[in-house]
Amino acid sequence: QVQLVESGGGLVQAGGSLRLSCAASGPIFSINAMGWYRQAPGKQRELVADITSAGSANYADSVKGRFTISRDNAKNMVYLQMNSLKPEDTAVYYCNARVVTRIGYLEVWGQGTLVTVSS
């Protein structure tokens with residue numbers, strides 16, 4: 001069973017930084033895109049950033065210049081460095097991966113990690 005486990009969330013003051021990590025495990029042949037989504041209370045889940053296996057990254061306009069996504073293909077991990085955090089960045093952050101396994105292609109989600117930014 002393929003699993004994604006996030007870590008690194010927490011409480012931070014506005015202007016501070018956090019780094020999220022996500023580790024993929026299980027019977028994985030390869031991982032295509034990996035990404036981070038977030039869902040704030042009362043809002044829909046939205047893409048924060050994603051990155052291809054070749055390292056091409058895409059960001060939501062609201063985080064460009066503040067957040068950086070990266071990945072370690074050898075370790076099946078993806079990271080999100082979040083700088084200059086704002087109260088509006090408060091949300092549950094979810095890791096996402098498009099994984100190729102023996103039985104085919106899967107889209108997998110992590111359980112989420114809470115990021116709270118105080119003003």
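**Notebook: strands, core and links**

I began with strand β4. Seven of its 10 residues are buried, so β4 is largely enclosed by the rest of the structure. I note here that the model is a predicted one.

**Entry: the partners of β4**

I looked up which strands pair with β4. β9 is one of them: the two run antiparallel and share eight bridges. Across that pairing I found Arg38 opposite Tyr93 in β9. β5 is also a partner, again antiparallel, with five bridges. Here Arg38 has Glu46 of β5 as its bridge partner. I wrote Arg38 down under both pairings, with Tyr93 and with Glu46.

Next I followed the chain from β4 into β5. The two strands form a hairpin with six residues between them, and Gly42 takes a positive phi near 75°.

**Entry: the aromatic pair**

How many aromatic pairs does the structure hold? I found one. The rings belong to Tyr37 and Trp109; their centres are 4.9 Å apart and their planes stand at 65°, so the pair is edge-to-face. The cut-off for that label is an angle over 60 degrees. Tyr37 lies in strand β4 and Trp109 in strand β10, residues 104-109, so the pair ties together parts that are 72 residues apart in sequence.

Tyr37 has 14% relative accessibility and counts as buried, because the limit for buried is under 20%. Trp109 comes out at 34%, which is partly exposed.

**Entry: the disulfide**

I searched the whole structure for disulfides and found one. A disulfide is a covalent bond between the sulfur atoms of two cysteines. In this model the two cysteines are Cys22 and Cys95, with their sulfur atoms 2.1 Å apart. The angle about the S-S bond is -85°, and the link of Cys22 and Cys95 is left-handed. Cys22 sits in strand β3 and Cys95 in strand β9, so the pair ties together parts that are 73 residues apart in sequence.

Are these two cysteines buried or exposed? Cys22 is buried, at a relative accessible area of 0%. Cys95 is also at 0% and counts as buried.

**Entry: the nonpolar core**

I looked up the largest nonpolar core, which has 31 residues. The members that touch the most other members are Trp36, Val48, Phe67, Val78, Leu80, Met82 and Tyr93. I then listed the elements that give two or more residues to this core: β3, β4 (30-39), β5 (46-51), β7, β8 (77-82), β9 (91-101) and β11 (113-118). Which element gives the largest share? That is β9, with five residues.

**Entry: the four-stranded sheet**

I traced an open sheet of four strands in the order β1-β3-β8-β7, with antiparallel pairing. β1 (3-7) and β7 (67-72) are at its edges; each has a single partner strand, so one side of each is left without a neighbour in the sheet. On average, neighbouring strands of this sheet are turned by 15° against each other, direction ignored.

β1 and β3 (residues 18-25) run antiparallel and are joined by five bridges. In this pairing Leu4 stands opposite Ala24 in β3.

I also took one residue of β3, Ala23, and looked it up by itself. With a relative accessible area of 27%, Ala23 is partly exposed. Leaving out residues up to four places away in sequence, Ala23 touches Gln3, Leu4, Val5, Asn76 and Met77. I also compared Ala23 with Ser7: they are 16 residues apart along the chain, and their C-alpha atoms are separated by 8.7 Å.

**Entry: β11 and its neighbours**

Last I looked at β11. Its covered face holds Thr113, Val115 and Val117, and its uncovered face holds Leu114, Thr116 and Ser118. Strand β2, residues 10-13, pairs with β11 in the parallel sense over four bridges. There Leu11 stands opposite Thr116, a residue of the uncovered face. β9 pairs with β11 in the antiparallel sense over three bridges. In that pairing Ala91 stands opposite Val115, a residue of the covered face.

How values were computed. Residues are numbered from 1 along each chain as its sequence is written. This is a predicted model: local features need pLDDT of at least 70, side-chain atom pairs count only at pLDDT 80 or more; totals for chains, interfaces and linings use all residues. Side-chain values use heavy atoms; hydrogens and water are left out. Two strands pair if DSSP finds at least two bridges between them. Axes are lines fitted to C-alpha atoms, for helices over the stretch in contact, and angles run from 0 to 180 degrees between N-to-C directions. A nonpolar core is a set of buried Ala, Val, Leu, Ile, Met, Phe, Trp, Tyr and Cys residues joined through side-chain atoms within 4.5 Å. Buried means under 20% relative accessible area, exposed over 50%, partly exposed in between (1.4 Å probe, protein chains only). Contact means heavy atoms within 4.5 Å. A disulfide is a pair of cysteine sulfur atoms within 2.5 Å. Rings of Phe, Tyr and Trp (its six-membered ring) pair if their centres lie within 6.5 Å; planes under 30 degrees apart count as stacked, over 60 as edge-to-face and the rest as tilted.
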